[in-house]
Structure formats: C-alpha cells, structure tokens
Amino acid sequence: MLGRTAGGLYWMFRHLERSENTARLIEAGMRIALTRSDDVEKEWKSVVTTAGQKDAFLERHERFDQANVIDFLLRDRTNPSSVRSVIESARSNAREVRTALTREVWEATNDTWLTVRDTLARPVLDRELPDVLAVIRRESALVRGALHGTMLRNDIYNFARIGTFMERADNTARILDVKYYVLLPSASYVGTSLDNVQWETILRSVSAQRAYRWRSAGDASAMGIADFLILDQQLPRSLVFCYRKIDENLGYLASDYGEHHRCHELSHDLLLRLTGRNIESIFEDGLHEFLGDCIRATNTLGHAIERDYRFTA
Amino acid sequence: MDVRPGYFDEMYGDGSALRAPYRQYEEWFAREDPRRLLKKSADAEALFRRTGITFNVYGSEEGDERLIPFDIVPRIIAAREWARLERGIEQRVRAINAFLHDIYHRQEILRAGRIPKEVIADNDAFLPEMIGFTPPGGVYTHIVGIDLVRTDDNDFYVLEDNARTPSGVSYMLENRETMLQMFPELFTRSRVRPVSEYPRDLRSSLAATAPVRTSGRPLVAVLTPGIHNSAYFEHAFLADQMGAELVEGHDLSVVDGRIAMRTTEGPEPIDVLYRRVDDDYLDPLTFNPSSLLGVPGVMDVYRSGGITIANAPGTGIADDKAVYSYMPEIIDFYTGEKPLLQNVPTWRCSEPDSLAYVLDHLSELVVKEVHGSGGYGMLVGPAASKREISRFTRKLKASPANYIAQPTLALSTVPILTRNGLAPRHVDLRPFALVSPNTIRITPGGLTRVAMKRGSLVVNSSQGGGTKDTWVMED
C-alpha cells in the first residue's frame, strides 16, 4: 500500500471521529446551558478549549457566547476542526484513497458530505440544533457501519482503525483534562447538585451516561467517573480501551509486514502506563499531570506512526 | 419528434422514417410512460451524484464539482456502420504510431517533402528528448481517442485525434453500467456489444509494453495530478478497475535506476506508468522546472529502459491541430492506403492565403487554437456575436500560426429526453483504441457527447455538454 494511502485512511477516520466528537461536545454544552443560567460562557469556553480551538476562537470572537461557539464549532471554515471542515477533509481523504475503499464506504462518506454540507449551509437555529447534531452523529455511524460490514480486515482496515482510536483517545483525554477540576475532591462542592451536573456533562460528552449507570448501579462519584473513562476495559471510549485497540491494530500491521517500528514500542509503553494502574494512584500522582502526559504521548505516537509508515515523503 | 431541418438525425434521418438501428428501441420507447422515464432520468442523476461521478470545473470556486448531464436515450450504431469506423480508426492509429516513430528518428516524411519542416521544427509538442529513442514495444500511443462527427447517412469525419491523454472512457463505462441497472429489459431485447472489457484490455495492453527486463506480473500505476484535477474521478476509476496503483508525483522517486513508489513497507518499483499528466509537467528536471505534479528524473529512467510511460512523451506532435491537416498525407505515406475516414477541410492560418480567407469568412467557420482542447478558446462563427468575432479577428492577426479554421459541420443529432418528449441535439463520438505491440483493440462504441442546449454545436462537458450511452449492435 502507498504510504500516502495509509495516511489518507488514517486521517479520513480521524476526521470522521472528530466530527462526531464535536457534535457530542456541543450537545453536552447545550445541556449544561439549559440547566444552569449562570456561568454559561464558562461552559462554552471549556467546550472550545476541549476542542483544542481556544486561540483560534479568540481571534474571531471576543466572548464565548453560545451562538458564536456553536457556529464556530459547526460551520466556521476558518476553524479546521469545525464539523463542516472535518467532513470536507474526510471526504477529500476518501477521494484520495478511493481505490482502497469499498463502494459502500465511499458512498457512505460521500453521502455524509452531501448531507452535512446541505445541513450546515445556513446558520443553525437553536431549535434545529438537536436534529442537526443527530444527523452528524448518524452520518458518521453510517460510515463506520459500512467499514465494519464490507472491508477486508487487512492493512487498510488497520490504518482506518488506528486513526479512529488515536482521535478518540485524544478526545477523551482532553475532555477529562479540561474538566479535571470538577473531578477533584474539593470541600466546597462535594455532593452538591453542581457536581452532579458537571459529572453528567462529562459522561454525556462521551455518550456514556447510561453505560455508567449500569456500571455504578446509580452511585455517581468523581473518582468512579474518572476510573470509568480512563481505566474501564469495556467502555469503547475509555483511554485504556483506545490504547489497547491502537496497540492491537499496530500489532497486526507489524505481523503483516514483518517489521517492528518505534511506533510499536511507544504504543506498548502507553498501554503499560495504564494497565495495572488503579484510579487512586492516578489521583495521588495528580490527575492533571497524568492526563497531560497521555495527551503528549498520544501525540508523539501519532508522529511516529506517520513516519514509520511513510505517510509523507 | 421534429428533426432539425438541414441536419441528419440518427434516429429519424431527415424526418421521413425511423432508421433501422433504432427500430427495437423505438418500439420499447413508444410503450413507456414518459413520466416514468423522466423519473428514471432524475434517478440516474442522483446515482451519479451519490457515486461521485463528478468533474471539477477549472476557474470556478475550489471544490465546485459538477455532474456531466446524462441522457437516457442511447445513441445506436449499426454493426455495418461500426465495422467501417473500426477499420478507419485502426488505419489512423497505425499511421499515427508510424508517424511518431519516423518523426523521432529519420523523419522520412519531412525528407520526402510531404509535410513542411517548420510544422515540426517550430512546434512545442515536438520533444527533442525523444529523438532517437524507441519506447518499449515500439508503442507510442497506448490509448487513442478519435473524435468523430457524422453529417449524413454515410459521412463521418475525424474532428480531432487525441494521442496524448484522451479522457472520457470512464463515462463510456459508467453510462453503460447505469443503463444496465435502469433498463435491463432493453438489453435482453436488443443485442448490444459490451464495453466492459475495456479496463482488462487496457491493463493487458499496458502490461504488454512493460520494459523488457520486467519479470513476473508488471506493476502498473496510474499517475494523477490529484483530487483537484477535473478528470480525477476517471483516474481513480481506471486504477480501481485495472487493479493498478493510483499514484501522485510525490509518491514516486528514482531508486536504483528505477521509478519506485513509496509504500508503507518501503520503495517498490513500477514497470508501467499510465500517466494522466501532460508532458510539460512530467519531469521538472527535463521539462517545466516548477512542476510539482511530476517525478524528477523520470525521463532519464525512461530513456535507459527502466520504465514504460503511456502514452509516450512527445505524442502530442501527432494530434496537434496543425499536424491534423496533414493526416491524409500521413496515412498515405505510412500505410500506402487512402484514408478510410475523412478529415475536415482545414485552413492553416499560418499560411497568408488561408488567413485572408478565414478572416473574410469568420462568421461561417469554427476557429480553434492549435494547442487548445476542451472547447476552451474556440470560436463558433455562426453562433458568435459581433464582439466575439472582432475579438477573434484581433487574435488571429496577432498570432495567426496559433489557429486553424474549419467549416462549421452539420453535426448529426440524436434525440434526448426532455420534459416535452424527444428533441434532437447535436452529438459527436469518441471511440477509444488500445495499442499494444501486436494488436489494436477498439472498444465497440465509445463516448457520445451531446450538446444539451437546443441548436448548440459545442458538446464539451466544460461547456455544458452531456453524454449518452453508445450502442454498437451485433450483426
């Protein structure tokens, strides 16, 4: 396979995953805006920060008011991470790697682009927002479904999956890092309804409210939520789950190609950092520091993958 | 349907009677509900949009992709008619390859005085880098598209030879695919010759010209300028159908005297490069130094026998519009035969007498740039405004050698389906010929382009033209 094709697949699925994550972040932000009238701007600011676009946003807008934030995250072409931008990028990637995709995956991606392009052609009104967000999530699920249902489990698939889980790991780590302070034991907030709303937001932004209720039997705690999102082996958006998937897919590539690279070592290290850990020790060492390390390590791993598999000349 | 007076309609002739090749189709059509057909027509468009069979328009906003309009009424050619065209195309393609070999070697045709030396010497399409070099298998034009127009029951003219990188074949294939899906019943009642062999034939043609030292199955790659090129869909489509790699210039480099693509496992050498990049951009070391689309050093590898490039660099000298006017000479010189397909009478504006005639008759003529393509920069006299004519007069006077002129041909029409039923529209035909060392294969049919606007004679997709499925009937 061409290195450029591997890179196109990796980025195609990173972009698709990002569109879904951004939609979910907005949804969680909306929920908090509806339930708490004070401090709404602070919430929207944290949403933009989680999306990694605080500086870009401040170049365009002065205040983190809801309409600006939503438009910036959904439609702004100057924001390379806006849903519109990433869907356009994903579709460009797909066009570039079209010969590596099944007809189903290509058509699902092209459909996604056509639909999202039309949906986001005009500013989204508040009352339309829930439907628009649902469309975005559904479209990326359709591509994923086509991928699972029709693609050979070969290197093409592995690069697609690595892209998905790299993006997802980064996203989960950012969500936790931006909100880590609400997960810390703090005398003034413990047990208040404020905490509950914040916790729920975190769970909502990774679509894990219900899963967490099953897990915790309704008993929410800060540490419990952190444990769930970082160390749960079954939650498909937990850090350990993402790192395990990345490691597995890189492992398939190594055995297919008969070659080990630096990215394989980095991925092992990253996984080891989490296996056998418990959440108490992570809190003891400092949650913020731990998440910062994870984000940096994920980034380093990304660069290593790009180099080792020759994405660019 | 009323035919357009003065023009030959391929379904209804002069309007007095249905022509034989369309008999079965017309029987079917007469029983169809026009509303169902219009709906099918809209379905086809949605299908094209959904599959991404689009082209990018130059000079419009980036990312602007358009569909080529598709008309569901097939263009039908009788077996006997096709047999004649096929022989004519084969003769022409043979002559073109002989001409190219000669022009880059002993130039006998110039020595014999059949073509003036300046036509070649002053021509940018002539590549000195190709002098004395014979491409692998002796094939210069692996793929040729011959543009034909019909003016009468018996009269076909060659409008243009496309010997560089002819495009459009993906539409030939997708149009048939679409018709098969939408109207399977048509193909059970009429015996239409298939076109689906094209990708396999293309692959085997290309593989047959692999460099001599290739061992095993040759690795074929399609070189595309990338996703912003207007024909990108076709590049990806052909690579996919042939099971070839789709590469861009920056995927390739010279490794140990060969051209290798950068794979996830390291460099892998390529044997045959089906390039959809113009000569000028092919190798920044040899041609346009600012090109980012090509591969630095590919010409050196090519000349030392490390790779096959299809079509060979420098084939443009054979489809240049100034050289076109000498095609009857070329065919006679290399085959000893009379041309089976007619050339359109052509005035070379480089010649003072011709220029004077052309300037006097601009409102009747079609004027084309010698190196132009895609319908850009041409004047259709009868349809042009006064202002356009005076603008072209200035252009012609400023650089006469840049232009040729031809009479406005009475292009045949074929009906298209409109909201008001069938309506005649002008068409041309681009059949595709594949050349390998021992054979020339011509896919039965080709791409029919149709001017969707009433009365228009310009069929180019860049100018709003559409396409039709082209049927060659079995005997």
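Which residues of helix H8 (residues 198-207) of chain B are buried?

## A helix with a buried side

The buried residues of H8(B) are Tyr198(B), Pro199(B), Leu202(B), Arg203(B), Ser205(B) and Leu206(B). Buried means that 20 or more other C-beta atoms lie within 10 Å of the residue's own, with C-beta atoms placed from the backbone. A helix here is a DSSP run of H or I with at least four residues, and a strand is a run of E with at least two; both are numbered from the N terminus.

Why are these residues on the same side of H8(B)? They cover an arc of only 165° around the axis, which puts them there. The arc is that of the directions from the helix axis to the C-beta atoms. An α-helix has 3.6 residues a turn, so residues three or four places apart point the same way.

## About the model

This is a predicted model, in which local features need pLDDT of at least 70 and side-chain atom pairs count only at pLDDT 80 or more, while totals for chains, interfaces and linings use all residues. Residues are numbered from 1 along each chain as its sequence is written, and chains are lettered from A and ligands numbered from 1 in the order in which they are written.

## A sheet in chain B

Chain B has an open sheet of three strands, in the order E8-E9-E10, with antiparallel pairing. Two strands pair if DSSP finds at least two bridges between them. Strand E8 (252-255) and strand E10 (266-269) of chain B are the edges. Each has a single partner strand, so one side of each is left without a neighbour in the sheet. Neighbouring strands are turned by 45° against each other on average, direction ignored. The axes are lines fitted to C-alpha atoms.

Four bridges join E8(B) to strand E9 (residues 258-263) of chain B. Val254(B) stands opposite Ile259(B) there. The hairpin of E8(B) and E9(B) has two residues between the strands, and Asp256(B) takes a positive phi near 50°. On to the next pair. E9(B) and E10(B) are also joined over four bridges. Ala260(B) faces Pro269(B) across this pair. E9(B) and E10(B) form a hairpin too, with two residues between them.

## Domains

Domain bounds come from an automatic or database domain assignment. Chain A is divided into domain 1 (1-151) and domain 2 (153-313). Their C-alpha centres are 20 Å apart. In chain A, 29 residues of domain 1 are in contact with 26 residues of domain 2. Contact means that the C-beta atoms of two residues, placed from the backbone, lie within 7 Å. Helix H1 (3-35) of chain A gives the most to the domain 1 side. Its share is 20 residues.

Chain B has domain 1 (20-344 + 409-472) and domain 2 (346-408). Here the C-alpha centres lie 26 Å apart. The contact takes 13 residues from each of these two domains of chain B. Helix H13 (residues 321-324) of chain B gives the most to the domain 1 side, with three residues.

## Where the chains meet

The contact between the chains takes 18 residues from chain B and 19 residues from chain A. On the chain B side, helix H2 (34-51), helix H9 (232-242), strand E7 (245-247) and E9 of chain B give two or more residues. By class, that side has six nonpolar, five polar and seven charged residues. Ala, Val, Leu, Ile, Met, Phe, Trp, Tyr, Cys and Pro count as nonpolar, Asp, Glu, Lys and Arg as charged, and the others, Gly among them, as polar.

Key. Axes are lines fitted to C-alpha atoms, for helices over the stretch in contact, and angles run from 0 to 180 degrees between N-to-C directions. A residue is buried if 20 or more other C-beta atoms lie within 10 Å of its own, exposed if 12 or fewer, and partly exposed in between; C-beta atoms are placed from the backbone.
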